[in-house]
There are 2 protein chains.
Amino acid sequence: MLQFTKSTEYGLIGLVHLADRRGEVVSVREIAGTYKISRRHLGESLKALCRAGLLKSQRGVHGGYRLALEPEQVALSTIVAALEGEPALTSCETDHAESAGCHVEPHCPIRSPIQRIRQGLWRQMEQTSLRALIDEPLALPGAPSPIEHLNLFPRGN
Amino acid sequence: MLQFTKSTEYGLIGLVHLADRRGEVVSVREIAGTYKISRRHLGESLKALCRAGLLKSQRGVHGGYRLALEPEQVALSTIVAALEGEPALTSCETDHAESAGCHVEPHCPIRSPIQRIRQGLWRQMEQTSLRALIDEPLALPGAPSPIEHLNLFPRGN
DNA sequence: GGATATGGCACTAAAATGATGCTGTTTCCG
DNA sequence: CGGAAACAGCATCATTTTAGTGCCATATCC
Ligand code: SF4
Ligand code: SF4
């Protein structure tokens with residue numbers, strides 16, 4: 001349905017929260033409590049981000065997580081890839097080639113164009129840093145694009 | 001999982017096929033046969049596109065579908081909206097406000113930035129016409145944008 | 001050594017999607 | 001006229017994906 005998973009949402013919330021308190025080690029309990037979300041589920045997301053190297057963990061009684069990198073260095077694409085994989089858009093693009101998947105592939109009329117769309121989306125995420133997610137000036141639609149340091153659509157616009 | 005549904009894929013295949021044979025009335029049977037996909041499922045997608053006004057149908061023994069508009073006039077966003085709805089990305093953006101959904105909403109740190117991402121994706125689809133899907137010269141981003149007029153989907157949300 | 005944290009899976013429940021069934025209506029054509 | 005072929009509109013079932021928990025191990029502080 002062209003939607004982020006909850007895991008991704010939780011991970012993003014956690015990342016933003018951790019970015020706000022950079023340097024500190026913050027526990028899952030605290031973050032989940034702040035936003036009233038499932039402690040366990042948030043924990044799973046942060047675990048995944050930790051495995052992906054975006055976070056560093058500290059165990060033990062005063063344990064928790066902290067950012068492994070500066071917010072400017074983390075691309076949204078990396079986050080999403082860690083939490084729900086790269087977007088595929090069509091079934092023939094999935095990692096495990098799924099040869100059994102699609103009979104159309106040899107002469108599929110939409111494969112290539114859709115890949116272009118996907119690349120555009122991916123590029124947009126690559127060019128959006130965690131920093132950009134943080135200092136969000138509540139931009140409204142219609143206003144000139146608030147995204148300065150990234151040019152999403154080189155065509156027209 | 002950030003992926004188009006099969007219904008959308010089928011619909012797109014049908015549209016591209018119909019665009020190739022503009023003016024003619026082509027049956028679901030023929031299209032499904034060409035690409036070896038489920039006749040029924042393709043039928044459902046084309047029905048939906050017909051209800052959305054993108055196709056015109058002709059019943060009866062030599063019936064089928066044909067484009068209701070020129071390929072230049074129909075935006076990918078319109079197609080996707082007809083087949084799987086507008087992308088929401090997060091659960092708080094779904095149409096039926098789902099008040100019960102998210103406790104975070106009042107002070108959600110990621111809501112607004114994610115909406116920006118969604119708008120960018122949507123805009124990309126708005127600016128991609130069916131025509132652009134057809135004559136796919138493996139264009140790289142930077143190509144001239146094909147669609148100027150007709151925004152069939154004045155989004156409120 | 002106990003309390004509190006993360007680490008890593010496996011597992012169940014719920015939701016979305018994929019696919020099909022069924023009945024009706026329209027149109028052609030013999 | 002009457003049947004075949006095609007779309008129209010739902011309803012229904014099966015499959016896949018996602019959301020959410022369970023369980024136990026390990027690490028750290030006190
Ligand atoms: S080959 Fe075409 S129809 Fe098959 S999965 Fe890829 S995009 Fe879809
Ligand atoms: S308010 Fe924030 S956490 Fe809640 S659904 Fe929207 S984006 Fe996700």
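User: Which element gives the most to the surface near DNA strand D?

Analyst: First, the term: a residue is near a strand if one of its heavy atoms lies within 4 Å of it. Helices (H or I, at least four residues) and strands (E, at least two) are DSSP runs, numbered from the N terminus. Here H3(B) gives the most to the surface near DNA strand D, with four residues. This is a predicted model: local features need pLDDT of at least 70, side-chain atom pairs count only at pLDDT 80 or more, and totals for chains, interfaces and linings use all residues; side-chain values use heavy atoms, with hydrogens and water left out. Residues are numbered from 1 along each chain as its sequence is written, while chains are lettered from A and ligands numbered from 1 in the order in which they are written.

User: How many residues surround DNA strand D, and which are the closest?

Analyst: There are 29 residues around DNA strand D. The closest are Lys6(A), Arg40(A), Met1(B), Lys47(B) and Tyr65(B). Of the atoms of DNA strand D within 4 Å of the protein, 69% are sugar and phosphate.

User: How do I read the classes on that surface?

Analyst: Ala, Val, Leu, Ile, Met, Phe, Trp, Tyr, Cys and Pro count as nonpolar, Asp, Glu, Lys and Arg as charged, and the others, Gly among them, as polar. The surface near DNA strand D has seven nonpolar, 13 polar and nine charged residues. Near DNA strand C there are seven nonpolar, 11 polar and nine charged residues.

User: Which polar backbone atom is 2.7 Å from a phosphate oxygen of DNA strand D?

Analyst: A polar contact is a pair of N or O atoms within 3.5 Å; within protein, one must be able to donate a hydrogen and the other to accept it, and residues adjacent in sequence count only if both atoms are side-chain atoms. The atom in question belongs to Lys6(A). A backbone N or O atom of Val28(B) is 3.0 Å from a phosphate oxygen of DNA strand D.

User: What does Tyr65(A) do at DNA strand C?

Analyst: A polar side-chain atom of Tyr65(A) lies 2.4 Å from a phosphate oxygen there. For Arg59(A), a polar side-chain atom is 2.6 Å from a sugar or linking oxygen of DNA strand C.

User: How do S1(B) and S2(B) run?

Analyst: Two strands pair if DSSP finds at least two bridges between them. S1(B) and S2(B) run antiparallel, joined by four bridges. They form a hairpin with five residues between them. Gly60(B), in the turn, has a positive phi of about 85°.

User: Is His17(A) buried or exposed?

Analyst: Buried means under 20% relative accessible area, exposed over 50%, partly exposed in between (1.4 Å probe, protein chains only). His17(A) has 9% relative accessibility, so it counts as buried. His17(A) sits in helix H1 of chain A. Its side chain makes a polar contact of 3.1 Å with that of Tyr35(A).
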